[in-house]
Amino acid sequence: MNLGARLESANKQLDTRILISGRTRELINGDFLVRPIGTLRVVGKNEGVATFEPLTLSSRATDADRELAGFTRRMVEAFRAGRLAECEEILARVEARFGESRLLAVYRSAIEQCRRMP
């Protein structure tokens with residue numbers, strides 16, 4: 001219950017609609033198209049929590065939904081691997097295709113912070 005409340009609070013900061021944990025992603029068993037958001041630190045947890053945003057039912061996913069999920073997955077993977085230039089390039093493509101969002105601003109800020117303090 002506490003994790004759910006923490007993830008709900010993070011929605012406002014990230015401009016997402018619903019955030020779920022990795023375990024919940026496993027339980028929905030592919031019924032929803034999800035995109036990774038990243039690993040978040042939440043109060044009460046010692047380790048970060050992998051988070052995802054369900055975009056739509058898999059059976060109703062449009063090409064644009066799948067494109068957004070794919071771009072976001074590649075952006076998150078590039079950031080996690082420390083490939084900041086690649087992450088930034090994908091971020092720019094997402095922004096050009098889908099518009100600005102708080103999630104993209106968070107990643108842009110994280111990239112800048114990594115460059116200042118590697």
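## Asn 11 and its surroundings

Not counting residues up to four places away in sequence, Asn 11 touches Thr 16, Arg 17, Ile 18 and Leu 19, where contact means heavy atoms within 4.5 Å. Asn 11 sits in helix α1 (residues 2–14); helices are DSSP runs of H or I with at least four residues, strands are runs of E with at least two, and both are numbered from the N terminus. With a relative accessible area of 5%, Asn 11 is buried, the cut-off being under 20% with a 1.4 Å probe and protein chains only.

## About the model

This is a predicted model, in which local features need pLDDT of at least 70 and side-chain atom pairs count only at pLDDT 80 or more, while totals for chains, interfaces and linings use all residues. Residues are numbered from 1 along each chain as its sequence is written, and side-chain values use heavy atoms, leaving out hydrogens and water.

## Helices α3 and α5

Let's turn to a helix pair. Helix α3 (residues 63–80) packs with helix α5 (residues 102–116) at an angle of about 20°, their axes lying 12 Å apart. The two are therefore roughly parallel to each other, a term for angles under 35 degrees.

From α3, Met 75, Val 76 and Phe 79 meet Leu 104, Tyr 107, Ala 110, Ile 111 and Cys 114 in α5. By class, this contact has eight nonpolar residues, no polar and no charged ones; Ala, Val, Leu, Ile, Met, Phe, Trp, Tyr, Cys and Pro count as nonpolar, Asp, Glu, Lys and Arg as charged, and the others, Gly among them, as polar.

## Strand β2

Seven of the nine residues in strand β2 (residues 32–40) are buried.

Technical notes:
Axes are lines fitted to C-alpha atoms, for helices over the stretch in contact, and angles run from 0 to 180 degrees between N-to-C directions. Angles under 35 degrees count as roughly parallel, over 145 as roughly antiparallel, 65 to 115 as roughly perpendicular and the rest as oblique. Buried means under 20% relative accessible area, exposed over 50%, partly exposed in between (1.4 Å probe, protein chains only).
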